[in-house]
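Here are my notes on this model, point by point. Please read them with the structure open.

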Amino acid sequence: MSPNLPLISSSSFAKHNKAWDCWVTLHNRKVYNVTGFLDSHPGGGDVILPYAGKDITEIMADISSHEHSESAYEMLDEDMLVGYLATPEEEEEMLNNRHKTPVEVKLVDGKDEYDMYEFHDKLPAMEQLSIQTDYDADVKKHQFLDLKKPLLPQMLNAKFSKEFYLDQVHRPRHYGNGSAPLFGNFLEPLSLTPWWVVPLVWLPPNMYIFYVGFANQSPIISLSFWAFGLFVWTFVEYCLHRFLFHLDAYLPDHPYALTLHFLLHGVHHYLPMDGYRLVLPPTLFVVLAYPFYRLIFAIFPFYMACSGFAGGTLGYIMYDVTHYLLHHTRLPRYLQEVKKYHLEHHYKNYEMGFGVTSKFWDVIFDTTIDDTIHPRTR
C-alpha cells in the first residue's frame, strides 16, 4: 500500500460504479477499490455491483444478508484501501488548492502520521483536522463513546471514572459527516446552533440597550461605560473558560456531573470541528448571562448599566462568532496567530490557553501555551 493516500471528491468516487471499475466506501470515509475482488467474493460479484460507487457500511453489518467477520474488514484495509472520501470542508480545501499541491492524508504503516488521539508539541496540518475518525476502531481501542450512537444516553449510563473521562474527552475526534447524534430523537435540533444565530438573535437587543444608554446620558459617560463593559467581557470570557468550562479537577466522580461537563464544554473538545456545537445556544446564554445582568443593574444607575451591559454582551457576540471563525474559516494573516493559539488549546494543551479572542489574560495569569508541553507528552 502506498504511504500516501489521497482525498477523493464525492463526484470522482461516484464515477467508479462499473464492473470493470468498482469502488465502495465504509462509513462514507474509507474508499476501497474492490474491482479485483469481484470474482473472488464468496457470494459472487453480483452481490457487490449494486453498491458500486456507494457506501457499504450498512450492508456489511446486515445480519440477515451476511454479517461480515472482522477479517473481512481487515482484508479491505490491507489490500483494497485507496484513499479517503473528502468531507465538504476538504472538498472546498481541494478546490481552493487546485493549482497547488493536492491535499493528502499522510500515512505511516497504514496509520495517520499525526496521531489525533494524542497531544503533541506541534499542531497537525489544517487539512487533517477534518479527517473522519474510524468509529469502530475508536470505540474498540478506547472503550469510550460510540460515535454511531446517541452520546447523551451513553454518558448518563457510563461506568467509567472521572480520570478516564477527562483523559478521553479531551482527545479530539472528528465526525466528518455532519454532527454526531447527542439525543438521537426529536430533541436533537435543540443541541445544534448555527453560528449566525448568535448575531441574528442578540445584535438587535444589544443595539437597543446601547441606544437607551446613549440617548439618556452624556455620550462620553455612555461610551466610557460601553468600552468598560467590553473590556470586562474579556475577563469574563477568560474566567468562564478556565473556571467553569474547565472545572475538571473539581468535578464529582459521578455520571451526572460528567454528563453536565460533557454538555457544557466536553463535547466541544471531543468533537472540536463540529460546526453546530461551537457557539452557545440562546437558552444557555440567557442562563449564564442572567447573574451578570442582575449584578450590573444592581451596582450602577440604570442608564450607565445599559451602556456597560451593551458593551459586555457585544463582547460575547464577537467572542462566539470569532470562536466559529477560528475553527472553520481561512483567516487573514494577522489573525492566523489567534487561530493557531486557540487550536493549540485543543490539540496541544487544553490545560492552558483559555483566552479565545486574545491571550491578554493568559499573559496576566501565566496560562499562555507558548512552548509548554501537555503532561501526557512528557
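1. A residue is called buried when its relative accessible area is under 20%, exposed when over 50%, and partly exposed in between. By that cut-off Asp274 is buried, because its relative accessible area is 6%. The model is predicted.

2. Asp274 has a partner. Its side chain forms a salt bridge with Arg277, at 3.1 Å from N to O. Arg277 is buried too, with 10% relative accessibility. The pair belongs to a network of salt bridges that links Glu188, Asp274 and Arg277.

3. How many salt bridges does the structure hold? The count is seven. Another one joins the side chains of Lys348 and Glu344, with N to O at 3.9 Å. Lys348 is buried at 4% relative accessible area. Glu344 is buried at 8%.

4. Lys148 and Asp136 also meet through their side chains in a salt bridge, 2.6 Å from N to O. This pair links distant parts of the chain, twelve residues apart. Lys148 sits in the loop between helix H7 (135-142) and helix H8 (151-156), while Asp136 lies in H7. Buried or partly exposed: which is Lys148? Lys148 is partly exposed, at 43% relative accessibility. Asp136 is partly exposed as well, at 32%.

5. Now the helix packing. The axes of H11 (residues 219-245) and H12 (residues 255-270) come within 11 Å and cross at roughly 145 degrees. The crossing is left-handed. From H11, His241, Leu244 and Phe245 meet His261, Leu264 and His265 of H12. The contact residues of H11 with H12 split into three nonpolar, three polar and no charged.

Notes: Residues numbered from 1 in each chain as written. Predicted model: local features only at pLDDT ≥ 70, side-chain atom pairs only at ≥ 80, totals over all residues. Heavy atoms only, no water. Axes fitted to C-alpha atoms, helices over the stretch in contact; angles between N-to-C directions. Helix = DSSP H or I, 4+ residues; strand = E, 2+ residues; numbered from the N terminus. Left-handed = near helix turned anticlockwise from the far one by under 90°. Contact = heavy atoms within 4.5 Å. Nonpolar A, V, L, I, M, F, W, Y, C, P; charged D, E, K, R; others polar. Salt bridge = Lys/Arg side-chain N within 4 Å of Asp/Glu carboxyl O. Buried < 20%, exposed > 50% of the residue type's maximum accessible area, 1.4 Å probe, protein only.
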